[in-house]
Every structure is written in C-alpha cells, then in structure tokens.
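Open the model in your viewer and keep the selection tool at hand. Each stop below says what to select and what is there.

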Amino acid sequence: MAFVSAIALILLLLLPIASARDYSLESAILNVTVSPEGIVHVQEFLTYHFDGTFYEVYRQVYPPPGGSMENIQGYCEGSSCDFYVNDIYGGYELVGRLPSPTPENITFVTSYDYYGGLKVYNDVSELHYKFWGDEWEKPVHNLAATVTIVPSKGSEITYWLHPNDYTKTATINDNTITVQATDIPANSWYEIRAIFPRLTSPDSRYVTMYDQNAKFQIFRIESQYALKQKALYVVFIVYVLLALSLLIAPFYLYFKYGREPDIAYEGIYERELPYDSSPAVVNAMMKGAIGLPTIEGFAATVMDLIHRDYLSIDDSNPQDIVLHINVPERKKGNSSGLLDFEQDVLDLIISHSDARQLHWKEFHSRLKKGTSFYNFINSWNKKVKAHIDLEKLFIEKGATKMDYFAGILFLVSLLSLFAIPWLGDSSAYPIIKKLGFMPIIIAFSSPVVFVLNARYRTVLGRWTPEGKLFVDRWKNFKKYLTDFSALKDHAPGSVKIWDHYMVYAMALGVAEEALKNMSLIIPKEEFRTSHFRNRVYVTGYTSDFSHAYQVSAPKSSSGGSSGVGGSGGGFGGGGGGAR
C-alpha cells in the first residue's frame, strides 16, 4: 500500500511537467495554380513540430468575397491522421485528428479550389492571394511557394510580394513564380499580387469580373507602396538616433509621476461584480485608452442588451442568427433604464431591423457599407468617456509631460518627416513594428508617439488610490472568470448570473475562455438556456464589429467601387494551429 501511495505521489509531482506542451511551425510549402479557366487551385504542406500531447492540427480558410471553395481535401505525411471539415463562421476549418501518442513531427497536407478568387478586368487579370494569413498564432520559420499561371508566359507576368521584408528569394521561370520567405511572425500576413494578360473568354462562374481598367491603378498602388516602404526605413534610421535622447525621459517621468500608490487591498479573486459599472465603462478603463472603449466594449453592450431582454437571440438556424427586438415601438431614444450610449446601440439595431427583427449576416453586411458605422463608433466612444470621472481615477501629469517632450523632438525632426506619408498598417510595413518597439521614438506625430502614449497612458500616468482599487478589483474578477478551479469551487448560482458575467467577460477580453469554463461547469440542460451558449456568435460579435469598423473607415486611396485592393487585400490567408 505504501509503495502504491509513493508511486501516486511521484506521478502527481510529474503531472505539471507532463502537461507542459508547445508546438512550432517548421515550414510551409504552397503550390498555387491558376487554371486556364481562372480557377485557383492551392495545395499546402504545413510541417508541425510537437512538444507534448496534441490531438488535432487545423487550418481555417475562407472563400474570396462573393466566391466559393470547392474540392477540399487533406491528409497527413509522416504519420496518418483522420481528415474532416467543419463549417465555421464565414469559412471552413480543415482538421487532421492526430494519432496517439502525438508524433514529434507531422506534415498536414490540404488542397482546395477557389472560385471567384481571380479578378478579371477589361485590360488585365489579377491574382491577389495571401500565402499566409494573420490568424496564425505561431510564426512560420520557412515558407516556400510556387505560383503557376497556366494561361500566361513569364514575360507577360508582373508580380509583387507584400511585405517584402520576409522575402528571401523570388524568381520567375516561364509561367512559374518561385518564392522563399523566412521568419514570418505570428498574426502577420504575406501575399503576392500578380497581373497578366486578360483571360480570353472569362466565365463569371470561375472568376470575378470588373467592367473597368485596372493595370495603371495597380502599378500606381504598388509604386506608392514601395516608395512608402523606403521612406519608412529612412525614418527608422533617423529615429534610432533620436531614440538615444528619449531613453532617459520615460524612466525619469515614471519614477516621478508614474509609480502606483499603495492601497490596502489584498484580494485574490472577486467572485461578484466589483462595481455597478456598465460593460462599456469597464472596457474603457481596463482595455481601452483610459476612457475610450475598444470594439469589445461595443460588443459587450450588445450582449448586455440581450441579457437585459431588450433583445433576444434566435439561433435555431446557425447559418441565419436573428436578433429580435423586445421593446415596444417608441420614439427614438426613449427606452427607460438605458444610458445614452446604450440607447444609441439599441437605436442602431432598430434602424437596421425589419419587422422588429434583424438578421445578423445582413446586419454585418450593412455596417460595412459607407462610413456610417465608423463615424458612429467614434462618436459612441466619446459618449462612453463622458460617463467616466477620469480626474477621480487617473492622474495624467507624467503622460502629458511626455507628450510635450515628444512634441519638441517632433519639431526637431520635422524636416525629415514632412515628406513622409502617414505611417500605415504594421502588418503591411513590418518596419513600423520596429519603430513601435521603441515607444518613445517620434516616428510621426499621431500614429506613433501620441497614439502609443495614449494607448499605454498608465505607464507614465498614475492611478489615484480610488482608480487603483477599481482596476485591481476588476483584474481579480477577470482572473476569477478565467480560473477554472475558482469558478468550479464558487460557481455563480444561476444561468442568468452566468450570462451577466459573460457580458463583462466580453468587456474584459476573455469571453472565449469564460464561455469554455461555463460550458464545463454548468449542467448541459441548464447551459442550453443561456443566451450566450454558442461560441460561434459570442466570439463572432467582436470579429464582425471589428471587421465592419475597419471596412467602413474612410480610405484616402479608395477608388470608389473599384475591385482593385491595396496591400493586404488579397483573398486566402486565414490561420490555423494545433490543439
């Protein structure tokens, strides 16, 4: 008996070691072929290295806008796996179920055809394809790709790679482009744009057709991209020198103004809502730029309206989720019990509804049209901020002084910056990430210094004792929602309370984790009565609203309803991983 107890104790001690696991993406090989009809066939070889136990590898792919994906197939090399396909929001999840024990290395092979991915204009055909999407949670060390354009010859093909920072080599031989790329970071994309002579007899079943010329516009976009990239490298060199003068200032301002006050609070968890604050306000203080909410705050407000029965969800058809409006028809802005910014969200939903109901996919599509939603969110953020007594919670003195100091250095560097265009998306220009890595560098007035200082205001600013208590208590509530053991030992008393907590989980950015814990703790019959039982649309709230906000933002380089996209606008991409 003593021997058995000793063995059990040893196994218990080894459990944390055994449960440690990780994986890496060693390489990705992609073969892309454009058929004479314009169908884009893709075959991928993704090589994983595992350390620990994993059960599945998966690849998330999405059809091109207005197009479709066909002939999806997959298998594994190096070891067998069971391949199957799941429908996910907006696309497909290609899954390989791994054998047990988990092999050290395996290559996940998938193939599929894109219909509507190739764009055909009046003067050229365009392939704008993401080799690698920004939804991958791991970097890929080596990527090799071939693009074979069957309808054309090498001399007729012009191509560009974005961002070129990852490109190691790129050559073209006859009608095949061969690309080698290295060390693409997690959550980063890599794409090709290739143009070639217009298909002789394009068929709208296989390609997307635009009644416009595009060649000149594409060359203009690519020329601007290359010029901007070179300019950013010049700015980077200049700002490395400026950074030397900025190294001391943050430390000085932090020690003088930024150190947090000591408070008499030693709590580990908060098992009930710490304050009677709206989800948007909590999000603005915990996730946003000190008073300005993120898109998760907007999504949490929609969830709160559902929890409070102003709205209800009908998910009987997962492909057509419907929101029902439960409040009676009334004058705009006249619902009792709602703050003005909550009323604005309800009014927005009502304005897009038909017969007191709103189809989610249609709603998402409408929000992307024009700039109305972008302007709405910016105005809505200010209304949320107006409900927060910032002076009572946060002292900005150190951060403000950093603004002034950065402004002085900006004037010094103005001669080198006036010709530089606005800094763009760091996924399109990785050099911006290097600039952002030195947050005190003045790369450009708002996109770098002022935005970073606004985003990380708490570093040089300081919470008041009341503000520090507010933040610490919400942090401990967030910890409670994500700690399975704490939740299991002290679970909320009803599904209605769970749903209320899920609203704040969204506001705090941990909705997916909280929902997973909820599904494991609550009995299945009770769980089915929850408003937020479905992971697809709980996590889809944030991604849909974020996508609509980005798409509805004004674009200075927009060509109206043109089919020509800028860098990062290719189809394909997606993400994947192991679990």
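Start at Pro163, which sits in the loop between strand E11 (158-162) and strand E12 (167-173). Helices (H or I, at least four residues) and strands (E, at least two) are DSSP runs, numbered from the N terminus. Residue numbers run from 1 along each chain as its sequence is written. This is a predicted model, where local features need pLDDT of at least 70, side-chain atom pairs count only at pLDDT 80 or more, and totals for chains, interfaces and linings use all residues; side-chain values use heavy atoms, with hydrogens and water left out.

Show the backbone from His162 to Pro163. The peptide bond there is cis, with omega near -20°. Now go to Ser100 and Pro101. A cis peptide bond joins them, and omega is about 0°. Pro101 belongs to the loop between E6 and strand E7 (105-115).

Most residues other than glycine have a negative phi, and most peptide bonds are trans. Next, select Asp183 in strand E13 (residues 176-184). Asp183 is not a glycine, yet its phi is positive, about 50°. Its relative accessible area is 51%, so Asp183 is exposed. The classes are: buried under 20% relative accessible area, exposed over 50%, partly exposed in between (1.4 Å probe, protein chains only).

Asp309 also has a positive phi, about 70°, although it is not a glycine. Find Asp309 in the loop between helix H5 (295-307) and strand E16 (311-314). Asp309 counts as partly exposed, at 41% relative accessibility.

**Salt bridges**

Side chains of opposite charge can pair when their charged atoms come close. Here a salt bridge is a side-chain nitrogen of Lys or Arg within 4 Å of a carboxyl oxygen of Asp or Glu. The count by this rule is 15.

Select Glu56, Glu93 and Arg579 together. Salt bridges link these residues in a network. Which residue pairs with Arg579 at 2.9 Å? Glu56 does, taking the closest N and O atoms. This pair links distant parts of the chain, 523 residues apart: Glu56 is in strand E3 (residues 56-61) and Arg579 in the segment after strand E22 (575-578).

Glu56 is buried at 14%. Glu93 is buried too, at 7% relative accessibility. Arg579 is partly exposed, at 31%.

One more bridge: select Asp304 and Arg308. Their closest N and O atoms are 3.0 Å apart. Asp304 is buried, with a relative accessible area of 5%. Arg308 is partly exposed, at 30%.

**The cavity**

Rolling a probe the size of a water molecule over the atoms shows where empty space is left. How many cavities of 30 Å³ or more does a search of the whole structure find? One. A cavity is a set of points on a 1 Å grid over the protein atoms alone, where a 1.4 Å probe fits but cannot get out; lining residues have an atom within 4 Å of a point. The largest cavity holds about 40 Å³ of space.

Select its lining: Tyr89, Pro318, Gln319, Asp320, Ile321, Trp360 and Lys361. Four of these residues are nonpolar, one is polar and two are charged.

**Helices, covered and uncovered**

Is helix H4 (residues 279-286) mostly covered or uncovered? Covered: seven of its eight residues are buried. They are Pro279, Ala280, Val281, Val282, Asn283, Ala284 and Met285.

Then pick Phe251, Tyr254 and Phe255. They make a nonpolar surface patch of about 330 Å². Patch residues have over 30% relative accessible area and no salt bridge, and nonpolar side chains (Val, Leu, Ile, Met, Phe, Trp, Tyr) are joined within 5 Å. Phe255 is in helix H3 (residues 248-258). Phe255 is partly exposed, at 47%.

**Last stops**

Select Thr400 in helix H10 (residues 397-412). Its C-alpha atom is 8.5 Å from that of Leu460, 60 residues apart along the chain. Finish at His500 in helix H17 (residues 495-507). The C-alpha atoms of His500 and His531 are separated by 9.8 Å.

Key:
Patch = residues over 30% accessible without salt bridge, like charges linked within 9 Å, V, L, I, M, F, W, Y side chains within 5 Å. Areas by Shrake-Rupley, 256 points an atom, 1.4 Å probe, with all protein chains shown as cover. 1 Å grid on protein atoms, 1.4 Å probe; cavity = no way out; pocket = protein on both sides within 12 Å on 5 of 7 lines; lining within 4 Å. Points joined across faces, edges and corners; volume = space filled by probe spheres on them. Nonpolar A, V, L, I, M, F, W, Y, C, P; charged D, E, K, R; others polar.
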